[in-house]
Amino acid sequence: MDIRSQISMVFHLDKCIGCHTCSIACKNIWTDRKGTEYMWWNNVETKPGTGFPTRWEDQEKYKGGWELVNGELKLKSTSKVKTVTNIFHNPNMPTMDDYYEPWSYKYKDLFDAPAGDDQPTAKPISMVTGEYMDIEAGPNWDDDLSGSPIYAENDINLDVLSEEQRDQLFAIERLMMFYFPRICNHCMNPSCVASCPSGALYKRGEDGIVLIDQKRCRAWRKCIAACPYKKTYYNWNTGKSEKCILCFPRVETGQAPACFHSCVGRIRYLGVLLYDADRIEETAKHPDHELVDAQREMILDPFNENVIREAKKNGIADSTIKAAQESPVYKFVKDWGIALPPHVEYRTLPMLFYVPPMLPVMSSQEGDSVRSINEEYFPDFEKARTPIKYLAKMFGGGNESHLRYVLKKQSAIRAYRRAVTVGDIDMLDAEKALIEADCTPQEADKIYKLTSLCTFDDRFVIPAAHREEAIEMMKDPLEHKQEAGFGFRDAPARGR
Amino acid sequence: MDSYKNILDTFFFSMFPYIIIFTFLLVTIQRYRAKAYTFSSLSSQFLENKQHFWAMIPFHYGIIAVLAAHFVWFLVPDTVLWWNRVPARLYVMEIAMFIFGLMTLIGLINIIIRRQTNSMAKVVTSKADWWVLGFLTIQVVTGLYIAYFYRWGSSWFAASLTPYLWSVIKLSPDLTYISAMPFMVKAHIVSAYSIILLFPFTRLVHALVVPNPYLWRKPQVVRWYWNRKKIRSSKNL
């Protein structure tokens with residue numbers, strides 16, 4: 001047993017209002033530099049939709065993630081041999097066209113234009129070339145465009161649906177959508193790390209954050225294609241790849257990452273999970289439909305004495321173990337089993353989990369006031385407005401039973417809470433529904449509280465980083481006293 | 001006139017090599033130590049993908065093959081001369097290398113066209129890049145000229161240039177063979193030295209950091225900031 005701790009995340013999709021505050025918070029802090037204008041380490045997509053970069057989930061095009069070949073785990077995009085032969089030209093790499101050409105406007109024209117009959121306009125200019133350009137796409141170009149034949153219809157997850165189901169989804173009365181905010185998943189089995197020829201990408205041992213060593217990155221560009229979530233980006237100006245760093249300078253000082261901190265809908269939870277690193281490979285080798293369970297199996301119970309003993313042996317601090325015990329992520333993922341990993345079939349074992357959205361599912365019951373919970377409160381998921389198959393493709397590795405479980409539990413909790421607060425549902429029926437959904441009133445109260453009434457400290461349980469001790473082990477902390485700072489102090493510039 | 005030529009020969013073939021080797025080592029090592037961040041291939045594939053293929057693939061495969069051939073001629077001249085004893089084998093090698101040289105040239109021309117015509121690629125093209133492209137073009141054109149007009153290069157390289165290069169390495173440059181060489185050959189050698197000189201100052205450094213460890217390392221990389229077994233007793237430090 002090789003226990004490691006990992007800062008993990010849960011996004012509750014029912015609570016996401018698609019305001020993009022997270023994206024802006026991230027952009028303002030990290031990606032407003034030259035060469036990073038097009039990057040959105042955090043982005044919010046409308047589903048069904050094509051996402052950012054366009055159709056990132058199409059692994060036949062981008063070859064992201066792992067695949068199982070004769071029982072062996074292999075990178076889809078590259079191998080040792082292909083790394084050598086494709087190093088001059090990476091055939092699967094997305095280019096700026098797949099994202100968008102970043103632009104600004106020539107605002108000066110608004111002031112300098114001579115007096116005339118018309119209002120002056122600020123023409124768009126490319127932030128790459130500085131020339132005038134026609135804007136053709138943007139980072140959230142298909143925002144709220146569910147039902148669109150150009151965007152939503154090209155969502156690759158819809159391929160699992162039958163022709164009839166697809167037609168229904170695009171009928172105007174049945175149109176549905178939800179938001180899908182995405183950051184780097186800080187995977188347990190990251191394919192970006194495995195693909196890097198320079199070994200510049202790495203996972204931090206202490207908290208599992210995946211980072212790119214800017215000094216070792218040589219722009220071989222393998223990670224760009226290998227990450228199935230397209231969450232490593234190429235800085236065209238400095239010739240280095242960059243990615244979400246989970247705001248580690250904030251996390252190390254006990255603050256939530258900027259996107260978490262600024263989240264208006266309070267959909268984001270952050271906490272520690274303990275897992276057994278010896279089981280990564282074996283777990284990632286399970287067939288698609290078993291992957292969700294296998295990954296859950298790998299996450300260890302922080303209250304188990306044996307686990308605590310082994311964790312301590314591995315140098316995991318008591319404060320981290322305590323944080324793991326209080327982790328909201330552990331509750332969502334393991335205790336309650338209502339948070340699922342996105343596209344687990346890419347086999348990177350993502351450590352960002354989603355509570356799948358129920359609203360579009362439930363609203364197929366529209367117009368009917370709630371009288372009896374038995375049939376109506378467990379909507380027939382087969383007839384649901386959001387096809388269960390579609391959600392299962394995104395969050396269950398194709399296994400619909402996980403989605404049924406989560407949605408059933410959530411709807412039972414709603415019925416139960418309605419019985420408590422409104423009282424027009426018989427409490428006995430509500431409790432029966434809970435039992436049917438593998439839940440108890442106590443658990444329902446807890447889920448309700450952490451979902452609806454959660455405070456800052458409930459949502460973010462961040463362990464002390466103990467960097468003070470870590471630094472002492474490596475070097476004299478007074479070494480750079482009265483200097484500009486530690487480490488890397490050059491301003492990044494292209495090739496200089 | 002003759003003495004003037006002698007002075008030039010002495011400078012370019014017995015002093016210049018030491019200047020460039022010294023500069024190359026000093027600047028490269030210092031750059032790696034102090035500015036490792038600048039070691040990058042500075043790929044522009046992200047901005048332009050199609051022309052990139054027709055530029056990068058022929059150029060890199062071509063130049064690697066040609067460079068490898070030069071190394072073989074330099075390292076095992078006797079084997080090369082033995083190989084060349086059979087005309088068929090000689091022709092195969094010479095023609096193959098000529099084709100690789102042409103590939104390099106085609107790649108170079110495509111690189112230059114791409115960086116001139118594509119507005120995005122143009123943005124990320126620096127002056128240093130033009131120096132590199134200029135010298136590489138001189139190098140490849142002179143190389144092809146020599147291969148075509150002064151046959152058979154692989155044989156006389158092994159017989160007369162290899163001893164010269166070894167004499168440079170042994171710190172007693174012997175210009176006997178060099179002085180008699182035609183202008184194009186001399187230009188080819190001086191241009192090669194110049195390219196080595198350009199290495200530490202340009203993007204060429206990426207060739208020095210080709211990712212060999214990848215072929216042997218495990219797929220996953222984990223870095224620890226502390227010694228995890230010891231950290232729990234760090235209070236006793």
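This is a predicted model: local features need pLDDT of at least 70, side-chain atom pairs count only at pLDDT 80 or more; totals for chains, interfaces and linings use all residues.
**Figure 1. Chain A at a glance.** Chain A runs to 496 residues, and 49% of them count as buried. Now think about which parts of the chain meet each other: among contacts in chain A between residues at least 6 apart in sequence, 70% join residues at least 24 apart.

**Figure 2. A four-stranded sheet in chain A.** Here 4 strands line up as an open sheet, and reading across, the order is β13-β12-β1-β14 (chain A). The pairing is mixed. At the edges you'll find β13 (299-300) and β14 (352-355) of chain A, each of which pairs on one side only. Look at β1 (residues 3-12) and β12 (residues 268-276) of chain A: these strands are antiparallel to each other, with 9 bridges in their pairing. One bridge to pick out joins A:Phe11 to its partner A:Arg268 in β12(A). A helix packs on this sheet too: α13 (residues 318-325) of chain A touches β1 and β12 of chain A, and its direction makes about 115° with that of β12(A).

**Figure 3. Zooming in on strand β14 of chain A.** β14(A) runs parallel to β1(A), and 4 bridges join the two. Across that pairing, A:Val10 stands opposite A:Phe353 in β14(A). Which way do the side chains go? In a regular strand they alternate between the two faces of the sheet. In β14(A), A:Leu352 and A:Tyr354 point one way, while A:Phe353 and A:Val355 point the other way. Whichever way they point, all four of these residues are buried.

**Figure 4. The nonpolar cores.** Which residues have the most contacts inside the largest nonpolar core? They are A:Val10, A:Phe332 and A:Phe353, in a core of 159 residues. Helix α18 (residues 400-421) of chain A gives the most to this core, with 8 residues. If you follow A:Phe353 and skip residues up to four places away in sequence, you'll see that A:Phe353 touches A:Met9, A:Val10, A:Val329, A:Phe332, A:Val333, A:Ala339, A:Leu340 and A:Pro341. There is also a second, separate core of 5 residues, and its members include B:Phe39, B:Phe199, B:Leu204 and B:Val205.

**Figure 5. Where chain B meets chain A.** On this view, 47 residues of chain B are in contact with 45 residues of chain A. On the chain B side, the elements giving two or more residues are α2 (50-75), α5 (119-123) and β1 (222-223) of chain B. The largest share, 5 residues, comes from α2(B). Sorted by class, that side of chain B has 25 nonpolar, 15 polar and 7 charged residues.

Figure 6. Across the chain boundary, β8 (residues 201-204) of chain A pairs with β1(B) in the parallel sense over 2 bridges. Who faces whom? A:Lys203 has B:Val222 as its bridge partner, and A:Arg204 stands opposite B:Arg223.

**Figure 7. A bent helix in chain B.** Helix α7 (residues 153-169) of chain B bends by about 40° at B:Leu161, and a proline, B:Pro163, follows within four residues. The buried residues of α7(B) include B:Phe157, B:Ala158, B:Leu161 and B:Tyr164. What do the buried residues of α7(B) pack against? Their neighbours are α2, α3 (77-84), α4 (87-117), α6 (127-149) and α8 (176-179) of chain B. Just after the helix, B:Leu171 takes a positive phi of about 65°.

**Figure 8. A closer look at B:Thr202.** You'll find B:Thr202 in the loop between α9 (183-198) and β1 of chain B. Is B:Thr202 buried or exposed? B:Thr202 has 20 other C-beta atoms within 10 Å, so it counts as buried. Leaving aside residues up to four places away in sequence, B:Thr202 touches B:Ala128, B:Trp131 and B:Val132. B:Ala36 is 166 residues from B:Thr202 along the chain, and their C-alpha atoms are separated by 13 Å.

Definitions and conventions. Residues are numbered from 1 along each chain as its sequence is written. Chains are lettered from A and ligands numbered from 1 in the order in which they are written. Two residues are in contact if their C-beta atoms, placed from the backbone, lie within 7 Å. Ala, Val, Leu, Ile, Met, Phe, Trp, Tyr, Cys and Pro count as nonpolar, Asp, Glu, Lys and Arg as charged, and the others, Gly among them, as polar. Two strands pair if DSSP finds at least two bridges between them. A residue is buried if 20 or more other C-beta atoms lie within 10 Å of its own, exposed if 12 or fewer, and partly exposed in between; C-beta atoms are placed from the backbone. The bend at a residue is the angle between axes fitted to the seven residues ending there and the seven starting there. Axes are lines fitted to C-alpha atoms, for helices over the stretch in contact, and angles run from 0 to 180 degrees between N-to-C directions. A nonpolar core is a set of buried Ala, Val, Leu, Ile, Met, Phe, Trp, Tyr and Cys residues joined through C-beta atoms within 7 Å.
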